[in-house]
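Here are my notes for you, written as a colleague would write them. Please keep the structure open while you read, and look up each residue as it comes.

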Amino acid sequence: MHQKYFLATLLLIVAGIPVAEAEPLDNSTAVPVKNAPEPVKAPATPVLTDQPMFKFGGFGSVGVSHSSQNQGDYVLESSMPKGAGRSSDWWFGNNTRAAAHVTAKFTPEVSAVFQVDSEYRSDGSYSPEVEWLYVKYAFTPNVFMRVGRIALPTFIDSENHDVGYSYVWVNPPVDLYRQLPISSSDGVDVVFRSEIGEVGNSFKAIYGTSTHDRPGSVATSEDMWGIFDTVEFGQASFHVSYQQRRESTRNLQTGVTGPWTRNTDLSVGASYDPGDWFVISEWIQRRSTYKIGAMYVSGGYRIDKFTPYLAYSQNSPGSFFPDAPAPTAAAIERANRAQSTTSLGMRWDFMRNYDFKIQYDQVKLSDTSNGYLINVPAGVTLHGSKFYVISAVVDFVF
Amino acid sequence: MSRHRLTLSLFLSLAMFAAGARAGVVVVVSSKSTVKSLTAEQTTKIFLGKVVTFPDGQAALPIDQPEGSAARDEFYTKVVRKNPSQLTAYWAKIIFTGDGRPPMLLVDNIAVRKAIAKNPNAIGYIDKTAVNRSVRVVLEP
């Protein structure tokens with residue numbers, strides 16, 4: 001926490017100094033006249049700079065959800081201490097957030113990104129936190145390195161998970177996206193982009209550490225590395241990622257730190273979007289002391305400003321590896337959570353830079369668990385039951 | 001009767017021809033550029049920031065027209081196959097992950113043509129009627 005505020009302050013100081021020097025975007029002189037008649041080869045240093053040094057922006061969402069199951073709370077992420085259902089009939093915490101963003105381009109090679117985000121936290125507050133903070137050095141426009149806090153592209157929409165406006169759903173299919181192992185890394189990454197014929201490729205490798213707050217505990221990941229690759233061909237896109245790390249969880253009440261366990265995560269995804277319609281599917285397998293899998297498939301059709309869509313997502317219950325130490329009852333219960341969700345929704349682009357979405361989810365809990373419902377009273381079993389969640393959200397970007 | 005029908009169909013086809021000739025966005029580069037033609041796919045990659053060069057390796061500087069302009073809407077619908085909301089959603093993902101910025105903006109067909117004429121690396125889309133000898137059409141969608 002302190003580290004985050006420190007980093008934020010640092011960037012604000014750095015960003016604050018040259019603000020006055022930022023060049024206004026003057027359209028009439030935006031394209032410099034080149035005297036040399038020969039065109040220039042793609043340089044490591046692009047000769048054409050036309051944009052201001054600092055760009056400010058932001059995005060946000062205001063969303064409300066209602067669950068028909070009032071014996072537990074429906075949450076989208078493991079960091080959330082309360083949700084729709086038992087704690088509240090109409091709940092704003094699942095899909096409400098706001099963020100401010102600054103991109104600074106100091107030179108063609110050196111740029112920085114700072115993004116601070118306020119959303120529902122593990123302590124029940126909406127306290128702002130630094131989501132992104134990195135300095136980027138571009139060796140060429142297609143090869144660059146970043147140092148700082150970097151979001152991990154585990155899934156196709158992981159990096160922009162908070163930017164509701166950037167995707168069609170109220171929230172990315174929940175049974176897969178809640179399995180997102182780590183959302184960001186404090187460390188370094190390198191990116192190589194290439195173009196071979198019509199095929200574009202983007203390769204990323206990262207190394208870093210991370211802390212992840214959950215209600216009542218903090219998970220720390222170290223020696224974390226990952227490789228991520230995206231191939232684009234026409235309107236088709238393929239994504240694969242592999243991550244590995246050591247994780248330990250500290251209980252905030254008892255102060256006890258659990259043993260370090262090795263985690264590996266493998267995910268693949270594919271999408272096809274020719275414009276009028278789209279299909280997308282992703283899959284992950286996570287391995288720690290047990291193995292768990294999740295997937296979704298979704299599709300939609302665009303009719304002018306309306307995009308109706310369908311999605312199905314599910315996760316499998318965890319199965320422990322035989323060579324792992326005998327799991328505790330709590331660990332078995334955690335690993336055993338499983339559910340599936342069938343969603344029907346509609347996005348409406350009602351105004352420039354705004355959308356309105358409405359979504360109906362039918363959630364089915366596995367026959368041996370209460371799924372990912374939280375705050376279920378002791379002794380209540382909802383195994384195998386179904387309930388619905390209805391959500392509406394307005395997203396905006398500026 | 002048949003003469004009326006003939007007159008009517010002639011009139012309609014002329015009207016359609018006139019409308020077709022008037023509207024129509026084309027993709028242009030400077031006449032000083034070595035780029036002779038581009039596919040819709042190559043143009044799309046340049047305007048979405050997926051590549052920073054032309055296929056022959058020259059640096060590419062895409063220039064947009066303002067949101068809501070006829071040329072922009074037609075270009076993105078026909079060539080890039082994204083409507084204005086899809087385009088904003090696309091750039092929201094790119095901007096807020098720090099991966100890039102949308103192309104620079106010039107006010108209209110003439111401003112874009114003038115800027116492109118002077119810069120062998122620039123590429124833009126303008127209405128067909130604004131084309132003159134200073135620029136070369138590389139894609140007619």
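**Notes on the two chains and where they meet**

1. Let us begin at the interface, keeping in mind that this is a predicted model. Between chain A and chain B there are 14 residue pairs in polar contact, with both residues at pLDDT 80 or more.

2. The size of an interface is often given as the accessible area lost when the parts come together. For chain A and chain B the buried area is about 3,900 Å², with 52% of it on carbon and sulfur atoms.

3. Now to the charged pairs. Over all chains, the whole structure has 27 salt bridges, and five salt bridges are found across the interface of chain A and chain B. One of them pairs B:Lys93 with A:Asp157, with 3.5 Å between the closest N and O atoms.

4. A second pair to find is A:Glu195 with B:Lys45, where the closest N and O atoms are 2.5 Å apart. This pair crosses between chains, from strand S8 of chain A to helix H2 (residues 40–47) of chain B. A:Glu195 is partly exposed, with a relative accessible area of 33%.

5. Next, look at A:Glu232 and B:Lys50, whose side chains meet in a salt bridge at 3.0 Å, N to O. A:Glu232 lies in strand S10 (residues 217–233) of chain A and B:Lys50 in the loop between H2 and strand S2 (61–64) of chain B, so this pair joins two chains. Both residues count as partly exposed: A:Glu232 has 26% relative accessibility, and B:Lys50 has 30%.

6. Chain A also has salt bridges of its own. The side chains of A:Asp367 and A:Lys364 meet at 3.8 Å, N to O. Here A:Asp367 counts as exposed at 58% relative accessibility, while A:Lys364 is partly exposed at 31%. Elsewhere, shared partners join A:Arg97, A:Glu119, A:Arg121, A:Glu129 and A:Asp162 into one network of salt bridges.

7. Step back to each chain as a whole. Chain A has three helices and 19 strands, and 48% of its 398 residues are buried. Chain B has five helices and five strands, in the order α-β-α-β-α-α-β-α-β-β from the N terminus. Of the 141 residues in chain B, 49% count as buried. Among contacts in chain B with a separation of 6 or more, 70% are between residues 24 or more positions apart.

8. An α-helix has 3.6 residues a turn, so residues three or four places apart point the same way. After H3(B) comes B:Arg81, with a positive phi near 60°.

Conventions:
Residues are numbered from 1 along each chain as its sequence is written. Chains are lettered from A and ligands numbered from 1 in the order in which they are written. Side-chain values use heavy atoms; hydrogens and water are left out. Buried area is the accessible area (1.4 Å probe) that two parts lose on being put together, summed over both. A salt bridge is a side-chain nitrogen of Lys or Arg within 4 Å of a carboxyl oxygen of Asp or Glu. A polar contact is a pair of N or O atoms within 3.5 Å; within protein, one must be able to donate a hydrogen and the other to accept it, and residues adjacent in sequence count only if both atoms are side-chain atoms. Helices (H or I, at least four residues) and strands (E, at least two) are DSSP runs, numbered from the N terminus. Buried means under 20% relative accessible area, exposed over 50%, partly exposed in between (1.4 Å probe, protein chains only). Contact means heavy atoms within 4.5 Å.
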